[in-house]
Amino acid sequence: MLVITTFENSLFIELAISSLEQKGIPKEQIFAVPLKKRTEPKQLFDTIHRADGLSMFDAAAILGTCTMLLGAIYGYVLKWGPIIWGIIGAVTGLLVGFLIKLWMVKKRPEENKQITSEVVLMIRCEDYQWEVVERILWEHTALGVARV
């Protein structure tokens, strides 16, 4: 059986490996691989083929809709009428919403992301050792554990 797990790069990996060796798993059956981090900067705009879950246009659409509605409502009492004031409100809301979202994305540091795996640990063990291996890995703060 092959057990695959991911860890953050920390001292807990070494502790987990030494605990596994103490439980009878030889060093030759434990394989640790550090992952390379992405070096290219994150792109602000999504394409059809790539999306990262960060939308730049959600705040712009919400603010554009709200200000368009207000412009159309108050346009009945203003000089240019509801259509022109609705268009002015939509454009203004879209620009303000986009600039607010852009400011928020630029202000937020990249290090405040969710925890990502940095080291993959693969262990070859027998079926009867699965519970012990799993318990050791979870005790040493594994991010995820799977068996094949």
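Glu-139 and Arg-135 join their side chains in a salt bridge, with N and O 3.3 Å apart. Both residues belong to helix α4 and sit four residues apart, which is about one turn of the helix. Keep in mind that this is a predicted model.

The count of salt bridges comes to two. The other pair is Lys-101 with Asp-58, where the closest N and O atoms are 3.7 Å apart. Lys-101 is part of helix α3 (residues 82-107) and Asp-58 is part of helix α2 (residues 58-74), so this bridge ties together parts that lie 43 residues apart in sequence.

| Residue | Relative accessible area | Class |
|---|---|---|
| Glu-139 | 49% | partly exposed |
| Arg-135 | 39% | partly exposed |
| Lys-101 | 14% | buried |
| Asp-58 | 34% | partly exposed |

Now for the overall layout. The chain holds four helices and four strands, and going along the sequence they come in the pattern β-α-β-α-α-β-α-β. The four strands make an open sheet, ordered β2-β3-β1-β4, with antiparallel pairing. At the edges are β2 (30-34) and β4 (144-147); each has a single partner strand, so one side of each has no neighbour in the sheet. On average, neighbouring strands here are turned by 15 degrees against each other, ignoring direction.

Zoom in on one of those pairings: β2 and β3 (residues 119-124) run antiparallel and share five bridges. Ile-30, for instance, has Ile-123 of β3 as its bridge partner.

Ile-123 turns up again in the largest nonpolar core, which has 17 residues. Which of them touch the most other members? That would be Leu-20, Ile-123, Val-133 and Leu-137. The elements β1 (2-7), α1 (11-22), β3 and α4 (130-139) each supply at least two residues of this core.

Leu-20 is worth a look of its own. Setting aside neighbours within four places in sequence, Leu-20 is in contact with Ile-25, Ile-30, Ile-123, Val-133, Ile-136 and Leu-137.

Finally, some totals for the whole chain. Of its 148 residues, 26% count as buried. Taking contacts with a separation of 6 or more, 77% are between residues 24 or more positions apart. The chain exposes about 10800 Å², and carbon and sulfur atoms supply 63% of that area.

Methods
Residues are numbered from 1 along each chain as its sequence is written. This is a predicted model: local features need pLDDT of at least 70, side-chain atom pairs count only at pLDDT 80 or more; totals for chains, interfaces and linings use all residues. Side-chain values use heavy atoms; hydrogens and water are left out. Two strands pair if DSSP finds at least two bridges between them. Axes are lines fitted to C-alpha atoms, for helices over the stretch in contact, and angles run from 0 to 180 degrees between N-to-C directions. A nonpolar core is a set of buried Ala, Val, Leu, Ile, Met, Phe, Trp, Tyr and Cys residues joined through side-chain atoms within 4.5 Å. Buried means under 20% relative accessible area, exposed over 50%, partly exposed in between (1.4 Å probe, protein chains only). Contact means heavy atoms within 4.5 Å. Accessible areas come from the Shrake-Rupley method with a 1.4 Å probe; for residues, only the protein chains shown count as cover. A salt bridge is a side-chain nitrogen of Lys or Arg within 4 Å of a carboxyl oxygen of Asp or Glu.
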